[in-house]
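Dear colleague,

I am handing over the structure we spoke about, and my notes on it follow below. Please read them with the coordinates open beside you.

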Amino acid sequence: MPDNILLNERSATHLAAQIKSGEITSVQLVEACLKRIDARESVVHAWVYLDPELALAQARAADEMVKLGAELGPLHGIPVGLKDIIDTADMPTCGGSDHFEGRRPANDATVTSLLRKAGAIIMGKTVTTEFALSGQRGTTNPHDPNRTPGGSSSGSAASVADGMVPLALGSQTGGSMLRPASYCGAYGYKATYGKISRKGVFIIARPLDHVGVYANNLDDIALIADTLMVYDAGDFDMRSHCGAKLVETLRKPVTPVPLKLAFVKGPPWAEAEDHLDAVFEPYIKSLGSVVQEVELAGIFDQAVDAQGVVMDANLWHNLAEFCENHPDELMPETIERAEAGKLVSVEAYIEAQELVGSLNHAVDQLLGHHDAMITASATGEAPMGLESTGNAIFQRMWTLMGVPTISLPLLEGPNGMPIGVQLIGRKGRDADLIQVAQKLLAMT
């Protein structure tokens, strides 16, 4: 990596190696990140809590461990931003809501503990929409402050894309990881449902909630995701064998066998912006025989509505107490979203949940002939204005199914704004998906 690249812009994988070798210190890296934040935060508004002295104290402790020759974790000395729905015992966690203003959790979330154990510097808390829903809290797109960064993981995606931190955690219940990744031009990865613990993370829809990661390259995605894929009995939905060995997968020699990708549009494409075809079709064509267009129809026509049913019912279940007893402390968008769940019938909920197995079976059949599905990560460029976080339609069915997905920042819209390429894999086969992403990047 060229020496003239600023520390805050370097790969976390490279930085971790440099810290371990003594070539740089964690303090130097944290100072570089703080300098970038100081220069840009008044425009981007990615952080809801940031204590420079606390960050530097962690960095000094990390550097002392290097001097002592202690055993170092894979993220030793690397700054990470945490979405403000993830509990931190030494920082507030407010869920983007006035209702929880000043809340100080007694314990770290499991993912926070895993990051600390791996040596990461918890840099601060990134802005989330209220309760990880729709209520915007002021973050802007780092490429154009007049456009949305997406949501709900607004601050996490924006902070990584803007070089404020090399890594950050977000979450996805509808499209809250991959849409911001697409809008901001970052790499975003949502693992298979049950591979990353949500204990200590604010739950809005247990059957749908996923923790995900942001980075600026695939190696870094693998590095942080591997750190988090550790079984936790405190999350009742975790897979017993959750590890994926993504770093090891990327280090294997790339097989010469050509990719077989299924280009899918399906119901979401009906809501695409006018420019999406003009941007996406030439890219798909450039991949040649690697890609075959496959129609998503039949039960897939029901998938988006089913995700809405499951999400709405769970929102009311989890947020009713706040909406009924503290409405003056919530944003109108939050109350409106939650109250929609009161209308969901038991029959509709059961039907939606039972569809999930059929959808996953259909995807397994399709991916018996292809390595992964490929589609857009969002309906188009980040929309103008900060009132909305954009349309989550391009993730909703995959979130419902709990399959692994990743957004790669490969395309650009008519206004020079990023547009992500989304890859979708088989449930539980995250390493296969990462390998597909590696091969696709090599072709691009």
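Predicted model: local features only at pLDDT ≥ 70, side-chain atom pairs only at ≥ 80, totals over all residues.

How many of the five residues of β2 are buried? Five of the five residues in this strand (residues 79-83) are buried, so β2 is largely enclosed by the rest of the structure. In a regular strand, side chains alternate between the two faces of the sheet. In β2, P79, G81 and K83 point one way while V80 and L82 point the other way, and all of them are buried.

Turning to charged side chains, those of opposite charge can pair when their charged atoms come close. The count for this model comes to 16 salt bridges. One of them joins R36 to D162, with the closest N and O atoms 3.1 Å apart. This pair links distant parts of the chain, since R36 belongs to helix α2 (residues 26-44) and D162 to the loop between α5 (154-161) and β4 (167-172), 126 residues apart. The two partners are described separately for accessibility: D162 has a relative accessible area of 6% and is buried, whereas R36, at 27%, is partly exposed.

Another salt bridge is formed by the side chains of D108 and R116, at 2.7 Å from N to O. D108 is partly exposed, with a relative accessibility of 23%, and R116 is likewise partly exposed, at 26%. The side chains of R429 and D432 also meet in a salt bridge, at 2.7 Å from N to O; R429 has a relative accessible area of 38% and is partly exposed, and D432 counts as partly exposed at 34%. Elsewhere, salt bridges with shared partners join R198, R206, D235 and D237 into one network.

Finally, H275 may deserve a look, in the loop between β7 (261-264) and α9 (276-286). A polar atom of the H275 side chain lies 3.0 Å from the backbone nitrogen of E381. Leaving aside residues up to four places away in sequence, H275 touches G380, E381, P414 and I419.

With best regards

Note on methods:
Residues numbered from 1 in each chain as written. Heavy atoms only, no water. Salt bridge = Lys/Arg side-chain N within 4 Å of Asp/Glu carboxyl O. Helix = DSSP H or I, 4+ residues; strand = E, 2+ residues; numbered from the N terminus. Buried < 20%, exposed > 50% of the residue type's maximum accessible area, 1.4 Å probe, protein only. Polar contact = N/O pair within 3.5 Å; in protein donor to acceptor, adjacent residues only side chain to side chain. Contact = heavy atoms within 4.5 Å.
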